[in-house]
Amino acid sequence: MTAPQTLVEHRDGALHLRGPLVFASVGAALAQSLALLPRQGTAVIDLGEVAQADSAALALLVEWRKFAARQGLRLELRAVPAQLRELAAAAGLDALCA
């Protein structure tokens with residue numbers, strides 16, 4: 001059985017993620033996204049094509065926030081899926097999706 005994969009690509013000035021953001025795919029998505037994020041200015045991440053999200057996706061948001069803070073980046077999340085917003089709200093982490 002093949003692990004689900006999330007495609008991470010840079011286009012139109014933003015990182016776009018497509019596919020599932022679940023435990024089996026988040027590690028690779030983190031590594032790929034960190035390699036593509038800018039080192040200054042604003043990092044824009046578009047999650048509009050994320051098909052599925054679980055609690056591992058919340059951990060990914062935390063890692064992006066930490067990376068942005070270390071780099072002095074402004075992090076802008078776009079099109080956060082309702083499923084991920086609901087998970088964040090249930091965990092009291094609404095601010096992660098802002």
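**Reading the terms in a predicted model**

Biologist: What makes Glu63 and Lys66 a salt bridge?

Modeller: The closest N and O atoms of Glu63 and Lys66 are 3.1 Å apart. A salt bridge is a side-chain nitrogen of Lys or Arg within 4 Å of a carboxyl oxygen of Asp or Glu, so this pair qualifies. This is a predicted model, in which local features need pLDDT of at least 70 and side-chain atom pairs count only at pLDDT 80 or more, while totals for chains, interfaces and linings use all residues. Residues are numbered from 1 along each chain as its sequence is written, and side-chain values use heavy atoms, with hydrogens and water left out.

Biologist: Where do Glu63 and Lys66 lie?

Modeller: Both belong to helix 2, three residues apart, which is about one turn of the helix. Helices (H or I, at least four residues) and strands (E, at least two) are DSSP runs, numbered from the N terminus. An α-helix has 3.6 residues a turn, so residues three or four places apart point the same way.

Biologist: Why are Glu63 and Lys66 described as they are, between buried and exposed?

Modeller: Buried means under 20% relative accessible area, exposed over 50%, and partly exposed in between (1.4 Å probe, protein chains only). Glu63 has 29% and therefore counts as partly exposed; Lys66, at 41%, is also partly exposed.

Biologist: What is found at the start of helix 2, and what follows the helix?

Modeller: A side-chain oxygen of Asp54 reaches to within 2.9 Å of the backbone nitrogen of Ala56. A polar contact is a pair of N or O atoms within 3.5 Å; within protein, one must be able to donate a hydrogen and the other to accept it, and residues adjacent in sequence count only if both atoms are side-chain atoms. After helix 2 comes Gly72, with a positive phi near 75°.

Biologist: Which residues of helix 2 are buried, and what covers them?

Modeller: The buried residues are Ala56, Ala57, Leu58, Leu60, Leu61, Trp64, Phe67 and Ala68. Their cover includes strand 2 (14-21), helix 1 (23-36), strand 3 (42-53), strand 4 (74-78) and helix 3 (82-90). Trp64 is also touched by Ser33, as are Val8 and Leu15, not counting residues up to four places away in sequence. Contact here means heavy atoms within 4.5 Å. Ser33 lies in helix 1 and, at 0% relative accessibility, counts as buried.

Biologist: What makes strand 1 and strand 4 the edges of the sheet?

Modeller: The sheet is open, with four strands in the order 1-2-3-4 and mixed pairing. Strand 1 (7-11) and strand 4 each have a single partner strand, so one side of each is left without a neighbour in the sheet. Two strands pair if DSSP finds at least two bridges between them.

Biologist: How do you know that strand 1 and strand 2 pair?

Modeller: Five bridges join these two strands, which run antiparallel, and the rule asks for at least two. Among the bridge partners in strand 2 are His16 for Glu9 and Arg18 for Leu7. The two strands form a hairpin with two residues between them.

Biologist: Why does the pair Arg18 and Glu49 tie together separate parts?

Modeller: Their side chains meet in a salt bridge at 3.6 Å, N to O. Arg18 lies in strand 2 and Glu49 in strand 3, so the pair ties together parts that are 31 residues apart in sequence. Arg18, at 37%, is partly exposed, and so is Glu49, at 32%. Glu9 forms a salt bridge with Arg11, with the closest N and O atoms 2.4 Å apart. Glu9, Arg11, Arg18 and Glu49 are linked in a network of salt bridges.
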